[in-house]
Amino acid sequence: MTTPTRVYIARLASVAVFDPNGDQVGRVRDAVARIRPTNRPPEVVGLVAEMPMRRRIFLSINRIISIDPEAVVLGTGTLNLRRFEKRPNELLVLSDLLDRRVQVEPGGKSGTVVDVAMERNRSGEWSLTRVAVREQAGRLSRRGHLHQAEWEKVRGLSGMGDTRGTANLLAVLEDMRPADLANALQDLPDSRRNELAAALDNARLADVLSELPEHDQVEILAGLDRERAADVLEEMDPDDAADLLNELPPPEQDVLLDLMEPDEADPVRQLLKYTPGTAGSVMTSEPVILPPDATVAEALARIREPQLSPAVAAQVFVTRAPMTTPTGRYLGMVHFQRLLREPPADLLGGVVLNDIDPLQPNTPLPEITRRMATYDLVAMPVIDSANRLVGAVTVDDVLDHSLPRDWRDRDAPARGISETPAGGASAGHPVPRREPLTGGVDG
């Protein structure tokens with residue numbers, strides 16, 4: 001395998017990392033460079049990779065045998081699984097440098113950093129050597145010219161920038177799943193994280209907020225003006241919006257609910273009325289609901305809608321009109337596997353199942369968990385005293401509220417994550433400490 005001598009780091013974001021056996025161990029999230037005391041360009045000492053369960057680890061550059069836009073390949077299957085922490089004399093290339101305002105010599109032209117190249121010299125050491133800078137656009141120009149400059153020719157790369165944009169870092173992060181993007185935001189300084197979160201569109205920010213710890217949700221929401229905060233809450237699922245609003249003082253809850261559109265605020269208000277730890281407090285009020293005279297084909301079309309989560313799309317609830325919660329009389333549910341086995345023209349009323357008792361809004365979480373496990377269900381209906389469907393509890397709701405409160409927090413103690421080396425090392429061997437900051441490529 002060969003590795004080019006120059007690699008642009010933004011192009012490595014999200015590239016898969018493989019061990020020598022071809023098994024994927026994670027994805028690249030950033031590069032780590034050591035700042036030197038002289039004017040020499042920073043030395044690249046490794047990459048940051050994200051592993052399962054959102055754990056970020058350090059991969060020393062001398063353990064990497066191949067780097068290309070398709071894959072990063074390690075020369076060893078033994079990894080240091082200690083969570084990566086940046087040292088004082090290090091920088092994260094993408095997080096710290098992208099969108100930084102700089103000047104390029106000669107002439108002092110202003111622009112923003114859009115990418116940084118690392119280059120390997122004859123001794124095998126990798127350094128940051130070139131910077132891709134886009135000039136600030138003039139009034140009559142849509143986009144400024146893109147220039148590549150030697151590291152030494154660019155001023156403003158050291159120290160904290162006074163102001164930075166967000167476009168280039170967001171472009172690197174845009175293909176991440178919301179959970180992965182939320183994880184990436186937690187690695188940034190608070191001010192930078194809040195800037196990036198505010199730059200996301202409302203729907204994307206709503207998805208990301210749902211994946212963040214409660215204290216980060218509150219801080220980001222507090223950084224938005226109230227009208228924007230209300231717009232973001234409207235984009236969230238009602239149960240997620242209710243969970244977030246529960247973290248705010250009641251007066252602030254009322255202000256944001258009043259700013260929301262009434263049809264978006266009403267289901268959230270209803271959810272806020274239920275006792276914490278009950279079916280009513282964890283359910284979604286927007287499951288897939290159809291009348292009994294809808295056809296199997298119509299039901300399959302509904303559950304194919306891309307905005308539905310897998311748990312919500314796994315079944316259709318059948319009720320009398322109206323079709324929004326609280327509905328008319330609840331009749332039963334049809335799992336998607338049953339829909340796939342029935343003729344498309346058949347009516348839902350003829351295939352509906354109602355042999356499992358629905359939940360009540362006050363059913364406690366342990367009872368919900370037992371019943372879902374007993375019947376191997378991914379969702380259960382919740383009905384009120386008038387036999388009207390008011391929502392559905394899905395398996396992701398149960399997991400979210402059964403895990404420790406801080407399970408999304410990167411700073412929380414790791415639970416159930418082994419610190420033993422991967423790739424066949426025995427559990428009795430000690431985990432190696434992070435390697436000294438030396439360069440080179442182990443061929």
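1. In which sense do strand 2 and strand 3 pair, and over how many bridges? Strand 2 (residues 16-18) runs antiparallel to strand 3, and the two pair over three bridges. A quick word on terms: strands pair if DSSP finds at least two bridges between them. Strands (E, at least two residues) and helices (H or I, at least four) are DSSP runs, numbered from the N terminus.

2. Before you go further, note that this is a predicted model, where local features need pLDDT of at least 70, side-chain atom pairs count only at pLDDT 80 or more, and totals for chains, interfaces and linings use all residues. Residues are numbered from 1 along each chain as its sequence is written, and side-chain values use heavy atoms, with hydrogens and water left out.

3. Back to strands 2 and 3: they form a hairpin with five residues between them. Have a look at Gly22 in that turn, which has a positive phi of about 90 degrees. On the strands themselves, Ala16 sits opposite Arg27 in strand 3.

4. Strand 3 (residues 24-34) has other partners too. With strand 4 (residues 43-51) there is antiparallel pairing over seven bridges, and Val28 faces Ala49 of strand 4. Strand 8 (residues 90-92) also pairs with strand 3 in the antiparallel sense, over three bridges; here Ala33 stands opposite Leu91.

5. Is strand 3 mostly covered or uncovered? Mostly covered: eight of its eleven residues are buried (under 20% relative accessible area, with a 1.4 Å probe and protein chains only).

6. Strand 14 pairs with strand 15 (residues 315-319) in the parallel sense over two bridges, and Ile289 has Phe317 of strand 15 as its bridge partner.

7. Now the helices. The axes of helix 8 (residues 238-245) and helix 10 (residues 262-272) come within 9 Å and cross at roughly 60 degrees, the axes being lines fitted to C-alpha atoms over the stretch in contact, with angles from 0 to 180 degrees between N-to-C directions.

Methods:
Buried < 20%, exposed > 50% of the residue type's maximum accessible area, 1.4 Å probe, protein only.
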